[in-house]
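Reader: Please walk me through one part of this model up close, and then carry on to the rest of it.

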Amino acid sequence: MASTTFKQLSELKELIARYWGIDTLRPLQEPAMQAVLEGRDSLVVLPTGGGKSLCYQAPAALRGDTTVVISPLISLMKDQVDGLKSCGINAIQLDSSQTSAERHEYVRDIRSGVIRLLFVSPERLIQTDLCDLLRQIDVRTFAIDEAHCISQWGHDFRPEYRQLAKLRESFPRASMHAYTATATEPVRRDIVEQLGLVRPEILVGDFDRPNLTYRVVSRRGTMIKQVMDIIDRHRGEGGIVYCLRRADVDEITAQLVKKGVKAMPYHAGLGPEQRCATQDAFTAEECDVVVATVAFGMGIDRSNVRYVLHAAMPKSLEHYQQETGRAGRDGLEAECVLLHGGADFFTWKSIIEKSGAEPEVDPSFVAHSMQHLKEMDNYCRGAACRHKLLVRYFGQAYQSESCSACDICFGDTIAVENSIEIAQMILSCVARVKEHYGIGHCVSILRGENTENIRLRGHDKLSTYGLLRDHSAENIRDWVYQLISQDVLIQENIGELGRNIPILRLNQGSWEVMRKQRLVRLLQPVKHGKDEQVKRSKADATSWEGVDRELFDTLRQLRRTLAEERHVPPYVIFTDATLRELARVRPSKLERMRKIYGIGDSKLLAFGEIFLDALVHDCRTRGIALDVGK
Ligand code: ADP
């Protein structure tokens, strides 16, 4: 095992600049690439968008042999192969969709040694003919993408990944490099063990995504207005709306389409053709919004997703991180909004309990899943900086006091001044109705509503009747859930007349609050003025700084046309970050254009002239200055 020389490293950096148009490496990319070049096993954990692919792609382009990349999905492989080809690097994929003539041709290319990166699925890799071929050409490097799929502890276990355990035996001289965005300790240990990594270099990146703005908002009514508000903030941009149920996906898609939004559905109940059509349209930027269940996940490589909206709470922070991780992969600002309702917790609880009752399920499943769910719920109800909570969850420290990019730090919610008194009113109301009623009824009593239900039971005579009449039902409901999350109130299902009815119950903590022995804090949203702008993060403001939006749109349209002609996704031509820099710097010559982020030699040759023409023409027509800054 040779250590990388200074010369090799500078050659590598020069190659990255030439092929990818990237001048600075991101954190941990350099040591990750060094491990590959030196043939030392490695496990690289970087968040989504952290730049894992470059860690194996660039060394593969530098070494003159073939690196084999194992990837779980055809679509993921295709995106990478397209991207590499557009940078001028020879890459292919072997998959079940190819004809035997194509396969023949590929085998010939592999044998001749011209292929720098070969993408395969784990099932395909362990077939003897391919294994023999790879041994003949003496493959020395394996990169395992989405490596958490090998672990049962991960959120996306794929049994076929287990077969990779045999790789070490079949290729004893090769080094293996695992890449994942899932950071928990048990998953990491499992990956190392399953793959038989030998003294691996373990590189764990920073889990904060400063370009993402996180917000948790109480879900109101049918929520379509809330969904539309967010979509309106991002008209024409790419976004994903995650729903819990397939029926919600269909319903929201229909409503959005009616309102003129280019939205398409995605869930496991749709046929493969429809799912493919949605994914392709989204990638090609013909569709702006995908409304989906979590089935829409891996394989979305569109880097300019500008918002991820959760119409309901996911079941764990890992899922949340993974799903929101699909926003802003290009490093530009993006917004993640979670519409939270108190019922989400109970919906998941009953799903988990049902799955736990299946005969083949591990006995620890329910306890594990409930723990994850509780953590997710606490995150939603908490009053601490969202970035800090997420980063801490993944076992890392968060240094700054405020992230300036979440609802809490923006001050979207504030602590209610008389929290303790309000909590006491709610709890005594539950006590007065003898812990026999659900949230809706208690809220009605506290608001002093004059309903038949209340009169019939004499609840209008209770001392708590009308105590919170000055507050909205939505706020009171939120506070009830906040008390539940602070463990001073319980919501429990009782089986009555064959139905599961959730009722409110008191516990030790409730009495402590009522006796003023325990503090609680309640929050409520701040009312913004009608014309007040939604607060924006620093990343949001700065990434548009100096960008001529009209020119950006013109270049984006040109990119879409070129992508269509070439049957590739638009971001394979240029990412949004590149287009924004073009629309900011507005170079007048090809040499200046080459200095723009993301424009390497190969892309300059392929697209330089055409983008330059469009750019110069647009600027001259509108009298906009060229060659700004650089
Ligand atoms: P991951 O696999 O970790 O989710 P990718 O490898 O898809 O992330 O990278 C996300 C985006 O970041 C891609 O568009 C990639 O070209 C870009 N990228 C990678 N490394 C760098 C870098 N050092 N500087 C700027 N952009 C980078």
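In which helix is the place of T347?

Author: This is a predicted model, so local features need pLDDT of at least 70 and side-chain atom pairs count only at pLDDT 80 or more, while totals for chains, interfaces and linings use all residues. Residues are numbered from 1 along each chain as its sequence is written, and side-chain values use heavy atoms, with hydrogens and water left out.

T347 sits in helix α14, residues 343-356 (helices are DSSP runs of H or I, at least four residues, numbered from the N terminus). Leaving aside residues up to four places away in sequence, T347 touches L244 and R245 (contact means heavy atoms within 4.5 Å). T5 is 342 residues away along the chain, with 56 Å between its C-alpha atom and that of T347.

On to the ligand. It has 15 residues around it, and T24, G49, K52, S53 and Y597 are the closest (a residue is near if one of its heavy atoms lies within 4 Å). Helix α3, residues 52-62, gives the most to that shell, with three residues. Sorted by class, the shell has five nonpolar, seven polar and three charged residues, where Gly counts as polar and Tyr as nonpolar.

For polar contacts (N or O pairs within 3.5 Å), a polar side-chain atom of Y597 is 2.7 Å from a ligand nitrogen. A ligand oxygen lies 2.9 Å from a side-chain N or O atom of R329, and for R26 the ligand oxygen distance is 3.1 Å. On its own the ligand exposes 570 Å², and the protein buries 83% of that (Shrake-Rupley, 1.4 Å probe).

Now the domains, whose bounds come from an automatic or database assignment: domain 1 (6-204), domain 2 (212-412), domain 3 (419-525) and domain 4 (544-622). Taken over C-alpha atoms, the centres of domain 1 and domain 4 are 30 Å apart. Between them, 13 residues of domain 1 contact 13 residues of domain 4. They bury about 900 Å², with 47% from carbon and sulfur atoms (accessible area lost on being put together, 1.4 Å probe, summed over both). On the domain 1 side, R18, G21 and S86 lose the most area to domain 4, together 43% of what that side buries.

Key. Polar contact = N/O pair within 3.5 Å; in protein donor to acceptor, adjacent residues only side chain to side chain. Helix = DSSP H or I, 4+ residues; strand = E, 2+ residues; numbered from the N terminus. Buried area = accessible area lost by both parts, 1.4 Å probe.
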